[in-house]
Amino acid sequence: MFLGGLAALPLVKTGPRPRVAVVGAGAFGGWTALHLLRAGADVELLDAWGPGHARASSGGETRVIRAIYGSDRIYVEMVLRSYDLWARIDPSLYVETGALWLHRGDDAYVRSSLPILAELGFPVDRWTADEAARRYPQIDFKGIKSVYFERRAGALSARDACGVVRDTFVREGGTYRTARISVRDVAALRADVCVFACGPWLGEIFPDVIGNAIQPTRQEVFYFGTPEGSDRYRPGRFPVWIDFGERIFYGIPDVHGRGFKIADDTRGQLFDPTTGDRTPGAEAIARARVLLAERFPELAGAPLLAAEVCQYENSPDGHLIIDRHPAMKNVWIAGGGSGHGFKLSPAVGEMVAAAVLGGKEIPPLFRLARLSDAKRATQFEATK
Ligand SMILES: Cc1cc2nc3c(=O)[nH]c(=O)nc-3n(C[C@H](O)[C@H](O)[C@H](O)COP(=O)(O)OP(=O)(O)OC[C@H]3O[C@@H](n4cnc5c(N)ncnc54)[C@H](O)[C@@H]3O)c2cc1C
């Protein structure tokens with residue numbers, strides 16, 4: 001969809017094939033490297049630790065994929081394209097569960113998405129709380145004023161997917177190397193272009209151009225034990241869910257036998273992705289337990305099986321950041337997943353590859369120019 005031909009190549013090439021280095025083998029970098037390779041480039045992918053490692057924003061067990069995106073049509077199109085690419089690389093990475101959107105107040109975000117979803121082929125059902133309770137008796141719908149069920153939605157494997165993308169890239173002829181790369185190393189990479197897809201590290205790598213425009217925040221994810229001898233909380237019998245209360249909690253059914261996943265989408269404290277302490281916090285566990293008891297009564301008192309302390313890499317407006325470095329013309333930046341980027345990564349990689357090799361324009365919504373200096377200097381504040 002996004003790929004331009006190599007005929008429009010805007011690069012000064014050092015060899016018969018353009019040489020591209022991609023720094024960062026998370027979801028964005030891995031897919032970018034794979035698309036660049038498939039478009040004919042000679043690609044080296046580098047990462048300081050490895051694809052989907054425990055400090056990366058793409059680490060951990062699972063991520064939600066959904067197409068409801070308010071009135072931002074571009075993301076719905078990217079989700080549609082990404083579904084296709086996820087299925088083609090490895091269909092087992094996706095488990096369809098549907099997504100239940102629960103509103104205690106305004107549901108304008110979902111409503112504004114409905115015409116776009118209808119047009120692009122994503123069916124959404126509107127249920128009363130009683131109808132929803134008949135389908136999902138495991139859930140207490142107390143206080144819920146509106147319920148939507150997005151049928152084509154579910155869970156993607158996260159760190160496993162990063163490994164699959166890297167392995168596919170290597171199998172198809174790409175080179176992967178473990179190395180930490182700074183801007184000073186770009187010349188030594190001997191590449192025509194270098195793409196930095198370094199997630200929450202982008203601010204420290206580019207203090208002037210990115211700086212505070214990407215703020216990593218501490219996010220905690222918990223896995224609680226489900227009742228023995230029961231598949232009531234597994235895909236097939238239980239959906240992905242999002243509960244819009246004072247805080248937005250969301251969860252994923254027990255996909256890999258790891259437990260019932262629950263997470264708070266509220267932005268946490270600023271967090272250093274390299275040195276931050278990833279011990280789960282007692283307060284966050286307590287908040288998750290309150291929601292669990294209120295919404296999923298059978299799981300009140302369920303044992304905590306596991307936790308992941310991760311970080312969002314937030315842009316000031318929550319939109320992706322994809323652009324050429326304003327001063328270094330052979331350097332590109334891709335990041336700003338802002339707590340929702342994983343699902344989009346196949347389309348992100350395709351977009352970056354088409355821009356780098358084919359000169360295709362990046363949509364203005366994702367470009368650096370939208371981030372005024374004033375915004376860039378603003379400390380991130382929790383928005384939802
Ligand atoms: C808890 C949590 C829940 C989320 N839930 C969802 C969800 O449900 N749905 C969804 O779509 N998205 C979700 N997201 C967001 C999504 O996971 C991220 O936006 C996305 O994974 C970011 O990928 P990335 O490749 O940009 O960053 P990363 O995965 O962090 O990858 C960056 C890579 O760059 C490497 N790197 C950094 N600096 C250097 C250097 N100097 N040299 C070499 N390598 C370097 C790192 O080692 C790392 O591997 C969630 C994120 C978190 C943390």
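This is a predicted model: local features need pLDDT of at least 70, side-chain atom pairs count only at pLDDT 80 or more; totals for chains, interfaces and linings use all residues.
A39 is buried, as 21 other C-beta atoms lie within 10 Å. Buried here means 20 or more other C-beta atoms within 10 Å of a residue's own, exposed means 12 or fewer, and partly exposed lies in between; C-beta atoms are placed from the backbone. A39 sits in the loop between α1 and β2. Helices (H or I, at least four residues) and strands (E, at least two) are DSSP runs, numbered from the N terminus.

Residues are numbered from 1 along each chain as its sequence is written.

Next comes G26. This residue lies in the loop between β1 (19-23) and α1. G26 counts as buried because 35 C-beta neighbours fall inside 10 Å. Beyond its neighbours within four places in sequence, G26 is in contact with G52, A56, S57, S58, C162, A197 and G199. Contact means that the C-beta atoms of two residues, placed from the backbone, lie within 7 Å. G26 and R166 are 140 residues apart in sequence, yet 9.1 Å apart in space, C-alpha to C-alpha.

Of the 39 residues around the ligand, G24, G26, G199, G337 and G341 come nearest. A residue is near a molecule if its C-beta atom, placed from the backbone, lies within 6 Å of it. Two or more residues of the shell come from each of α1 (27-38), β2 (42-47), β3 (62-65), β11 and β15 (304-314). By class, the shell has 20 nonpolar, 15 polar and four charged residues. Ala, Val, Leu, Ile, Met, Phe, Trp, Tyr, Cys and Pro count as nonpolar, Asp, Glu, Lys and Arg as charged, and the others, Gly among them, as polar.

Now the domains. The domain assignment gives domain 1 (1-61 + 158-214 + 316-384) and domain 2 (97-153 + 215-314). Such bounds come from an automatic or database assignment. Taken over C-alpha atoms, the two centres are 29 Å apart. Where the domains meet, 19 residues of domain 1 are in contact with 18 residues of domain 2. The side of domain 1 that touches domain 2 has five nonpolar, eleven polar and three charged residues. The ligand shell draws at least three residues from each domain.

Two helices remain. At 1.5 Å a residue, the 17 residues of α2 (residues 73-89) should span 24 Å, and its end C-alpha atoms are 25 Å apart, which agrees. The expected span is 1.5 Å times one less than the number of residues. The buried residues of α2 are Y75, V76, M78, V79, S82 and W86. They cover an arc of only 155 degrees around the axis, so they sit on the same side of α2. The arc is that of the directions from the helix axis to the C-beta atoms. They pack against β3, β4 (94-96), α3 (108-120), β8 (154-157) and α8 (345-358). The face turned away carries the exposed residues D84 and R88.

Helix α7 (residues 282-295) buries A284, A288, L292 and R295. These fall within an arc of 85 degrees, so they line one face of the helix. Their cover includes β11 (215-224), β12 (240-244) and β14 (260-264). On the other side of α7, A282, E283, A286 and V290 are exposed.
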